[in-house]
Amino acid sequence: NSQFKIINVNILPGQATMRIYDRWGAKLFEVDALIGWDGKDQNDTYLGPGIYPYTVQIVRPEKRELLKGTVVLIR
């Protein structure tokens with residue numbers, strides 16, 4: 001896939017934030033989770049292949065959630 005993003009019809013734009021980190025915990029990228037991540041950092045530079053931790057924070061009127069995981073970037 002060219003984009004790593006969430007797809008959920010119950011989440012509206014602006015209700016979910018995705019953050020991508022390096023292995024030491026430094027934030028590399030932040031975006032609306034419905035838009036997704038294309039493998040670049042905040043400076044629009046492509047990152048190297050690897051495993052990147054991520055969080056998705058969902059804030060809706062009825063509930064708040066924090067999802068965590070890892071994504072494998074392959075070029």
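Glutamate 62 is exposed, with a relative accessible area of 54%; exposed means over 50%, buried under 20%, and partly exposed in between, computed with a 1.4 Å probe on protein chains only. This is a predicted model, in which local features need pLDDT of at least 70, side-chain atom pairs count only at pLDDT 80 or more, and totals for chains, interfaces and linings use all residues. Residues are numbered from 1 along each chain as its sequence is written, and side-chain values use heavy atoms, with hydrogens and water left out.

Glutamate 62 pairs with arginine 60 in a salt bridge, where the closest N and O atoms are 2.2 Å apart. A salt bridge here is a side-chain nitrogen of Lys or Arg within 4 Å of a carboxyl oxygen of Asp or Glu. Arginine 60 has a relative accessible area of 22%, so this residue is partly exposed.

The whole structure holds five salt bridges. Another of them joins lysine 40 to aspartate 44, with 3.4 Å between the closest N and O atoms. Lysine 40 is buried, because its relative accessible area is 15%, whereas aspartate 44 is exposed at 54%. Glutamate 30 and lysine 27 also form a salt bridge, their closest N and O atoms being 2.6 Å apart. Glutamate 30 is partly exposed at 31%, and lysine 27 is partly exposed at 47%. Both belong to a network of salt bridges that links Arg19, Lys27 and Glu30.

Next comes the strand residue. Isoleucine 58 lies in strand β3, residues 50-60; a strand is a DSSP run of E with at least two residues, numbered from the N terminus. With a relative accessible area of 7%, isoleucine 58 is buried. Leaving aside residues up to four places away in sequence, isoleucine 58 touches Ile11, Gln15, Ala16, Lys63, Arg64, Glu65 and Leu67, where contact means heavy atoms within 4.5 Å. The C-alpha atoms of isoleucine 58 and glycine 36 are separated by 14 Å, and the two residues are 22 places apart along the chain.

The largest pocket has a volume of about 170 Å³. A pocket is an open set of points on a 1 Å grid over the protein atoms alone, where a 1.4 Å probe fits, with protein on both sides within 12 Å along at least five of seven lines; lining residues have an atom within 4 Å of a point. Points are joined across faces, edges and corners, and the volume is the space filled by probe spheres set on them. Among the lining residues are Phe4, Trp37, Asp38 and Arg75.

Terms used: Helix = DSSP H or I, 4+ residues; strand = E, 2+ residues; numbered from the N terminus.
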